[in-house]
Amino acid sequence: MSNVSIIIQREFNERVRKKSFIISTVLMPVLMLLLMAAPALIMQFSRGEEKLIAVIDESGLVAPQLEDGEELRFETVSLQTDEARRQLTDRFGVLWIGADILANPSAVKLYANGSSSLTIEQAITGRIERILEAEKLKAYNIENLQQILDEVDTHVVMQTFRNDRSQEDESQADSSIVATAAGFILGMILYMFLLMYGAMVMQSVIEEKQNRVLEVMVSSVRPFQLMLGKILGVAAVAVVQVLIWGVLLVVLGAFVMPLMLPEEVLAGAQAMQQGMPDASAVAGVDPDMLQAVAAVTDVGYIAKLFGCLLLFVFGGYLLYSAMFAAVGSAVDNVQDTQQFQLPITLPIILALLVMMTVIKDPSSPLAFWCSMIPFTSPIVMMARVPYGIPWWEVVLSLAILYASFVAMVWLAAKIYRVGIFMYGKKPSFKELAKWVRYKY
Amino acid sequence: MNLLTVEHVTKQYAGHKALDDVSLTIPKGSVYGLLGPNGAGKTTLIRIINRITAPDAGRVLLGDREIAPDDVYRIGYLPEERGLYKKMKVGEQAVFFARLKGLSRREAVVRLKQWFVKFGIEGWWDKKIEELSKGMAQKVQFIVTVLHEPELLIFDEPFSGFDPINANLLKDEILALRDKGATIIFSTHNMSSVEEICDHITLIDKSHNILSGNVDEIRRRHGSNIFEVAYRGDEAALRAALTGRCEILDGAEEQSVYRTLRLHVGDDAGVRAVIAAANGAVDLRSFREIIPSMNDIFIRAVNGAL
């Protein structure tokens with residue numbers, strides 16, 4: 001068995017067995033789900049108790065028609081305003097509606113016993129507006145008014161298709177909401193992996209140098225094998241982590257989600273997957289929501305995204321970890337790495353910034369070029385993939401990425417080979433360049 | 001027969017020459033001392049033999065052919081700066097290094113168990129290196145170095161960090177390995193250990209090989225014909241008897257049992273005459289040549305006084 005594979009095994013086993021790996025692998029998807037569910041949860045908890053509002057309606061028009069909401073409850077009282085304000089301090093507030101409310105819509109006052117909020121105020125004015133509008137319409141004495149109103153009420157549903165990909169096929173609806181969300185999440189995952197696993201390689205090289213294990217190791221293996229083994233070993237860890245997450249997501253999307261969603265939504269989503277664009281109208285559900293569900297429960301779509309994710313995580317990681325390994329070999333301790341890390345982290349952060357604009361406009365020239373330049377391509381390309389870009393772009397981007405990995409490993413190995421035996425003085429960039437030219 | 005031959009090896013680093021035209025031959029089955037002050041180029045030479053770096057000029061032969069990549073399996077190297085993975089368990093780690101040296105996992109485990117019993121450390125298998133003391137970790141490192149039973153063993157300061165008992169244990173193991181046919185290169189500053197276990201030495205100073213050869217022969221060669229006579233009797237009578245036959249170096253030192261006198265004698269014929277004369281004058285108890293210690297030779301050689 002070759003030495004590289006023995007080293008890969010060690011690197012892999014050491015990391016996968018660590019508690020931190022198991023915890024982060026399991027916890028990460030849970031955290032992500034929590035993050036996605038957070039807005040809903042916050043709403044749930046911030047709903048608070050019911051607010052009781054006393055209504056003094058001098059017009060007599062509004063109060064009978066005021067509907068109670070989830071948070072608001074209305075109670076008509078027959079007190080004078082002054083009395084009500086003095087006596088009913090246990091209510092959320094006293095709502096006064098003037099007698100000439102139809103002619104004068106500003107004859108509404110809310111005496112709140114405490115701080116009011118914009119949401120509550122809008123809820124109240126909204127209700128009053130609807131009641132007044134209905135009252136005004138009534139004044140025209142139109143026959144069958146209710147029927148006409150019901151017929152007039154319209155809700156537009158628009159679906160977007162990709163004309164550049166197929167002029168006939170209408171089975172694949174395009175959801176920009178899903179693509180944007182997926183692009184953002186995938187870009188972030190890439191960003192996280194590049195930094196996290198790259199830094200892991202760097203730290204491990206420094207540790208070996210500090211422990212002086214390197215001296216023992218290089219008497220059995222060539223420095224290049226050692227570096228490659230470490231990079232690939234850590235890569236295996238990253239791939240396993242992505243795979244575990246992928247399986248979790250597919251299971252969650254394809255099996256758990258259907259159990260939790262209402263039946264008509266699911267039926268609509270299925271209809272949409274099978275190419276019935278008017279599915280949402282049938283189901284009477286918001287089409288964006290339906291498309292999101294259709295995408296998340298579509299195993300093929302998720303598998304395609306994950307295939308790309310794996311390839312880009314792997315390639316991007318290889319490229320960056322080679323650089324991180326070279327930096328690790330050049331210094332004696334983690335504190336000294338900062339000046340060398342900057343040129344590595346800069347393109348990653350740049351890619352993240354570009355990604356933010358790319359998810360809004362995935363076919364701009366900026367998006368194209370940044371997904372070809374190997375230093376930014378993993379993050380930027382991954383953010384574009386959910387939009388369905390031409391496959392040749394993906395292939396070209398991957399080819400450039402993997403080719404530059406080979407070049408980078410060759411370069412990094414030269415620095416690594418010299419660096420691992422250099423102790424003491426922190427080298428300068430000039431010296432690193434000199435190391436590359438050393439003959440061994 | 002020579003196991004290792006170094007021929008005209010030169011190695012240049014940016015700014016300075018680490019080795020300049022160094023040649024040496026290491027006989028099979030010997031313990032070969034590689035001596036020299038700090039920074040002389042010993043570690044560079046060891047790294048070249050280990051194929052960690054390549055020489056700029058010259059070559060290294062293992063047996064009768066140039067050393068090849070696969071020859072690392074025939075070499076065991078214990079560097080001066082010891083290093084093991086701190087978080088890894090002792091047994092697992094030893095198996096890892098053994099596999100890098102070409103042993104199968106099963107073979108490695110069998111041999112390791114034997115060594116662990118020999119060193120009395122059976123209980124350490126599942127301990128992490130960071131739980132061991134420095135000396136304990138050194139034992140593990142020694143085992144890792146010799147486990148694949150290489151033909152050539154390179155020890156760089158193997159005794160540093162060991163207490164006398166363990167140092168002795170280690171020395172016995174090193175000599176046992178030699179008796180089993182291994183050739184050992186032994187790099188050190190500790191001259192008394194050189195006298196004890198080395199058969200041959202090379203002294204490297206300022207990138208050059210300045211002294212090479214058999215230890216006993218070198219010591220004899222660098223003896224300066226100084227003799228010490230131990231006797232009972234009258235010092236004045238002895239001095240009188242020896243006058244003209246040799247140069248008397250120092251006065252008698254009062255010792256508990258015998259008196260002694262140091263002499264410088266010109267040649268072997270003179271030695272016989274001196275002994276005869278001394279024997280007539282006093283009760284002679286011993287007469288021996290003072291052979292310089294390796295320590296003296298080392299210091300004199302490095303100071304250019306040889």
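A residue is called buried if 20 or more other C-beta atoms lie within 10 Å of its own, exposed if 12 or fewer do, and partly exposed in between, with C-beta atoms placed from the backbone. The model on display is predicted: local features need pLDDT of at least 70 and side-chain atom pairs count only at pLDDT 80 or more, while totals for chains, interfaces and linings use all residues. Residues are numbered from 1 along each chain as its sequence is written, and chains are lettered from A and ligands numbered from 1 in the order in which they are written.

**First stop: chain B as a whole**

Select chain B. The chain has 10 helices and 14 strands; helices (H or I, at least four residues) and strands (E, at least two) are DSSP runs, numbered from the N terminus. The radius of gyration of chain B, taken over C-alpha atoms, is 24 Å, well over the 19 Å that the globule rule gives for 306 residues, so the chain is more spread out than a compact globule. That rule is 2.2 Å times the number of residues to the power 0.38. Along its principal axes, the C-alpha trace of chain B spans about 75 × 45 × 35 Å.

Next, colour residues 2–220 of chain B as domain 1 and residues 224–290 as domain 2; these bounds come from an automatic or database domain assignment. Over C-alpha atoms, the centres of the two domains of chain B are 45 Å apart.

Of the 306 residues in chain B, 36% are buried. Two residues are in contact if their C-beta atoms, placed from the backbone, lie within 7 Å. Among the contacts in chain B with a separation of 6 or more, 72% join residues 24 or more positions apart.

**Second stop: a sheet and a loop in chain B**

Display the open sheet of chain B in which 4 strands follow the order S2-S1-S4-S5, with antiparallel pairing. Its edge strands are S2 (16–27) and S5 (65–66), each of which pairs on one side only. Two strands are said to pair if DSSP finds at least two bridges between them. Strand S4 (residues 57–62) of chain B runs antiparallel to S5(B) and is joined to it by 2 bridges. To see one of these, select Leu62(B), whose bridge partner in S5(B) is Arg65(B).

Then move to Glu157(B), in the loop between strand S7 (152–156) and helix H5 (164–179) of chain B. Glu157(B) is not a glycine, yet has a positive phi of about 50°. Glu157(B) counts as partly exposed because 18 C-beta neighbours lie inside 10 Å.

Now select chain A, which has 17 helices and 6 strands. Buried residues make up 34% of its 440 residues. Of the contacts in chain A with a separation of 6 or more, 69% are between residues 24 or more positions apart.

Arg212(A) is located in the loop between helix H6 (176–211) and helix H7 (213–217) of chain A. Arg212(A) has a positive phi of about 65°, although it is not a glycine. With 16 C-beta neighbours inside 10 Å, Arg212(A) counts as partly exposed.

Continue to helix H15 (residues 377–384) of chain A, where 8 of the 8 residues are buried, so the helix is largely enclosed by the rest of the structure. Among these buried residues are Ile379(A), Val380(A) and Met381(A). From Val380(A), look across to Thr357(A): their C-alpha atoms are separated by 9.7 Å, and the two residues are 23 residues apart along the chain. Thr357(A) belongs to helix H13 (residues 338–358) of chain A and is partly exposed, with 15 other C-beta atoms within 10 Å.

**Fourth stop: the nonpolar cores**

A nonpolar core is a set of buried Ala, Val, Leu, Ile, Met, Phe, Trp, Tyr and Cys residues joined through C-beta atoms within 7 Å. The largest has 141 residues, and those that touch the most other members include Ile231(A), Ala322(A), Val380(A) and Ile154(B). Helix H12 (residues 299–330) of chain A gives the most to this core, with 17 residues. Apart from it lies another core, of 14 residues, among them Phe92(A) and Ile97(A).

Centre the view on Ala322(A). Leaving aside neighbours within four places in sequence, Ala322(A) is in contact with Ile231(A), Phe405(A), Met408(A), Val409(A) and Ala412(A).

**Last stop: where the chains meet**

Finally, show both chains together. The contact takes 15 residues from chain A and 19 residues from chain B. On the side of chain A that touches chain B, the elements giving two or more residues are helix H1 (3–16) and H7 of chain A.
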